[in-house]
Amino acid sequence: MEPATRRLWPMSKLVSILTPCFNESTNVRDCASAVRRLFETVLREYEYEHIFCDNASTDDTVEILRQIAHDDPHVKVIVNARNFGPFRSAFNGLLSARGEAVVVFLAADLQDPPELIPEFVRRWEAGNEIVYGVRKQREENRVLALVRKFYYRLVNQFSYTSIPPDVGEFQLIDRVVVEALARFDDYYPYIRGMIASCGFRAVGIDYTWVARKRGISKNRWYHLVDQALNGIISFSNVPMRISLAVGFVLSVVSMAYACVQLLINLVYFRQLTAPGIPTLIVGIFFFSGVQLLFLGIVGEYVMAIHSQVRRRPLVIERERINFQPTSEEQQPSRASGS
């Protein structure tokens, strides 16, 4: 028999919304209000939980979330001990979601429009296990938008599984997909790629990724580069194969050039010994640069393996707000040892 303290959901289905955040004090209230309005109007026949995953914000975001959660039991909060990045934080929240459908990543700044969630739900009810948003238009710098488009298509081309271009983590997934993702053991989850690799029936909905209205993005260029490299390394071995192919071609060309130089010097060694020194210097610098490039590519894969085998926790949490305690949490904890 269920404990009296556990809430029994009615016949209506439960939808989970995940919102990672870091220093978003100007946006979290509007984000929570936007979701609440949806489930009070067009989605009123559904129950919902809105899980905010805070990455150890240094402003008053946590205090605001604590007040929102106090006033609204649908709002739940996971506070991390430090900033583990948006994707680790989002994936940790995904593992805690109880919904029969889960919106994987609703940005706190509302650049992904929450008004699209009812259409997500409708397509899900029509039998699609994955409903993803396609960012057909972007209200951002034209150069950055072109770079993103190129990257999405590059990843899709290189990946061993088809990852839809112009698609981020703003997706609704069925419970069966959540359970499949829970079996992944990845130190740095590339969530959009992991969802695509699960298969299942999927459909996309076009929308415009709007400009941020308040605050500044916490994703700096080096974060974007790190996330981009993770996407390629996690779902493609093409960079290694390219390195192998280029290395093989350069080796053949080098040996051929060495043979030609040997023949020339055997016949004309007195005239061409001194002029060959510039060629040697250029060759040394060229091949050294190529070797360093390939070592960097190999290093990315080695670093990914190193991080994976160390098996560190996905995130470390400081506290949870509005979550019902599990049976394990209700038992006394064991000492950690000396």
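Visitor: A helix here is a DSSP run of H or I with at least four residues, and helices are numbered from the N terminus. With that settled, in which helix is the place of Phe120?

Guide: Phe120 belongs to helix α4, which spans residues 117–125. Please bear in mind that this is a predicted model.

Visitor: Is Phe120 buried or exposed?

Guide: Phe120 is buried, because its relative accessible area is 0%, and the cut-off for buried is under 20%.

Visitor: And what does Phe120 touch, leaving out residues up to four places away in sequence?

Guide: With those sequence neighbours set aside, Phe120 is in contact with Val131, Tyr132, Gly133, Phe170, Gln171, Leu172 and Ile205. For Tyr132, which is 12 residues from Phe120 along the chain, the separation of the C-alpha atoms is 7.7 Å.

Visitor: Which other residues of α4 are buried?

Guide: Besides Phe120, the buried residues of α4 are Ile117, Pro118, Val121 and Trp124. Viewed down the axis of α4, the buried residues fall within an arc of 155°, so they line one face of the helix.

Visitor: Why would residues three or four places apart point the same way?

Guide: An α-helix has 3.6 residues a turn, so residues with that spacing point the same way.

Visitor: What do the buried residues of α4 pack against?

Guide: Their partners are β1, α1, β4, β5 (130–138), β6 (167–174) and β7 (202–209).

Visitor: What follows α4?

Guide: Gly127 follows α4, and the phi of Gly127 is positive, near 115°. Another helix, α7, is followed by Gly199, with a positive phi near 85°.

Visitor: Which residues other than glycine have a positive phi?

Guide: Ala56 is one of them, with phi near 60°, and Leu110 is another, also with phi near 60°. As background, most residues other than glycine have a negative phi.

Visitor: Where are Ala56 and Leu110 found?

Guide: Both are in loops. Ala56 is in the loop between β2 and α2, while Leu110 is in the loop between β4 (101–103) and α4. Ala56 counts as partly exposed because its relative accessibility is 23%. Leu110, at 22% relative accessibility, likewise counts as partly exposed.

Visitor: Changing topic to α2: which of its residues are buried?

Guide: Helix α2 covers residues 61–71, and its buried residues are Thr61, Val62, Ile64, Leu65, Ile68 and Ala69.

Visitor: Which exposed residues sit on the face turned away?

Guide: The face of α2 turned away from the buried side carries His70 and Asp71.

Visitor: Ala90 is in α3. How do α3 and α7 cross?

Guide: The axes of α3 (residues 86–96) and α7 (residues 191–198) come within 10 Å and cross at roughly 45°. The two helices are therefore oblique to each other.

Visitor: Which residues meet there, and of which class?

Guide: From α3, Phe87, Ala90 and Phe91 meet Ile191, Arg192 and Met194 of α7. By class, this contact has five nonpolar, no polar and one charged residues. The buried residues of α7 are Ile191, Arg192, Gly193, Met194 and Ile195.

Visitor: Finally, the whole chain: how many helices and strands, and what share of residues is buried?

Guide: The protein chain has 11 helices and eight strands. Of its 338 residues, 40% count as buried. The accessible surface is about 19,400 Å², and 61% of that belongs to carbon and sulfur atoms. Among contacts with a separation of 6 or more, 83% join residues 24 or more positions apart.

Methods:
Residues numbered from 1 in each chain as written. Predicted model: local features only at pLDDT ≥ 70, side-chain atom pairs only at ≥ 80, totals over all residues. Heavy atoms only, no water. Buried < 20%, exposed > 50% of the residue type's maximum accessible area, 1.4 Å probe, protein only. Contact = heavy atoms within 4.5 Å. Areas by Shrake-Rupley, 256 points an atom, 1.4 Å probe, with all protein chains shown as cover. Axes fitted to C-alpha atoms, helices over the stretch in contact; angles between N-to-C directions. Parallel < 35°, antiparallel > 145°, perpendicular 65-115°, else oblique. Nonpolar A, V, L, I, M, F, W, Y, C, P; charged D, E, K, R; others polar. Arc of directions from axis to C-beta.
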